[in-house]
Amino acid sequence: MKFKINNKYFRWGLTAFLVIAASMVFYYFMFHHSSIKSGINMITDILMPIMIGLVVAYLLTPVLNFIEDKVLIPLCNKCGIKESSKRNSIIRGFGIMVTAFLFISLIYLLFAMLLSQIIPSIQNIVVNFDSYTDNFIKWLDKLLVDNPEVGEYVVRSVGKYSEELEKWINDFTKISPLIRTVSLSVINLLGVLWDSIIGFIISIYVLASKEKFAGQAKKIVYAIFERDTANVVIRNFRFTHSTFIGFISGKILDSIIIGILCFIGTSILHTPYAALVSVIIGVTNVIPFFGPYLGAIPCGILVFIVDPIHPLNCVYFLIFILGLQQFDGNILGPKILGSSTGLTGFWVISSISLFGGFFGVLGMIIGVPIFAVIYAAIRSLVNTSLKKKNMPDETKKYENLDFVDDKGFHECTPEKVSSKHKHSTFEIQTAPEETCTKKTDSTTKHED
């Protein structure tokens, strides 16, 4: 007898095997998840340079495309250089050189600012910690002068804990573990630096052949799926790519501009540690919604502790940051990001909270575009199902909907809503015909 793949016994056996295998995997994951986690970490460490290279290439692709499409190709056309494979190779090579130069320059500027501004600011904070503590105690004493008992207790507590903190900082026996921790951190940092260098080299190769890699990926998709399914998969990948790259690149550009504007404003206001404060504001601005608050609160506390005798400086700083964030949220952000996600404020907050809880700060950054893709996929499935049933997909048409029949949509009037509230929720009320307005849509009207 000839064996057939579509034999029902074969399908039953395959289903049973998959169920047993899934059960074993689930059991092992539940009771041996530490081994799985260590294995995943080992694989991640091995593949880290490749992952860094892919991420860097993905982030630099819009820059390379802009340089080629807006600068190099028009320049070649203007000079009369005809299109050929050689011209395309030269354009790609020169474009990668310019992109790599811009990327390295940005990294250099960040490290230069870190070494010249931020580290001295942190050192200055540590050196002047005693004077800042004294100023804070004087401010508390002045504030609580009308309540001497409470004031004495607060001043004594602040002095006690500041002395303990200073003693801990100056105690070599307690700093020794810190030194070991810092040493391990330096070693890990060197490892990350090496992976980053290898990843940057890999990103150059990826950028040089990005069209070929994309073509190979599409080739695999069409080989695995049917043509219509493959078209849907590729279309969804394009949407995911546009959502991610539009949001991430736009948010990075937006945060850089906000950091620069913050530095200009804090310099005009003579805010202490303007460079450090601006870097904190710019970096935390990458996180949607919560980022401005995460940056403004510690910076405001820092400004206040440095000069508590003049609390208006902290008030002016907070007012400036509030205005800057309003400018970012209402003018700059929409101009740069546009409608790259299509999510309302509720879904933005929910996605940040959900992904931030699972993946920390990285989840708060990438949670919004990931949730935007999931939201768009669910919306597409719902709208497709409604269209198959010859029903409209506009949400507004369902807001006051009471029921749908063969004659169309029937909206619920305020009279019917009030009449329903007058009766017990355990009773089934039949709405009178005159309390509901019949709405027959051209797309929902059926003829038997």
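**Close-up 1. Cysteine 262 and its closest cysteine sulfur, in cysteine 299.** The two sulfurs lie 7.2 Å apart, too far for a bond. A disulfide is a pair of cysteine sulfur atoms within 2.5 Å. Cysteine 262 has 0% relative accessibility, so it counts as buried. Buried means under 20% relative accessible area, exposed over 50%, and partly exposed in between (1.4 Å probe, protein chains only). This is a predicted model with residues numbered from 1 along each chain as its sequence is written. Local features need pLDDT of at least 70, side-chain atom pairs count only at pLDDT 80 or more, totals for chains, interfaces and linings use all residues, and side-chain values use heavy atoms, with hydrogens and water left out.

**Close-up 2. Cysteine 76, in no disulfide.** The structure holds zero disulfides. For cysteine 76, the nearest cysteine sulfur belongs to cysteine 79, 6.8 Å away. Cysteine 76 is buried, because its relative accessibility is 14%.

**Close-up 3. Threonine 284 in helix H9.** H9 covers residues 274–284. Helices are DSSP runs (H or I, at least four residues), numbered from the N terminus. Threonine 284 is buried at 15% relative accessibility. Beyond its neighbours within four places in sequence, threonine 284 contacts Gly291, Pro292, Leu294 and Gly295. Contact means heavy atoms within 4.5 Å.

**Close-up 4. The crossing of helices H7 and H8.** The axes of H7 (residues 210–224) and H8 (residues 227–268) come within 8 Å and cross at roughly 145°. Axes are lines fitted to C-alpha atoms over the stretch in contact, and angles run from 0 to 180 degrees between N-to-C directions. H7 contributes Lys218, Val221 and Tyr222 to the contact. H8 contributes Arg227, Ala230, Asn231, Val233, Ile234 and Arg238.

Terms used: Helix = DSSP H or I, 4+ residues; strand = E, 2+ residues; numbered from the N terminus. Left-handed = near helix turned anticlockwise from the far one by under 90°.
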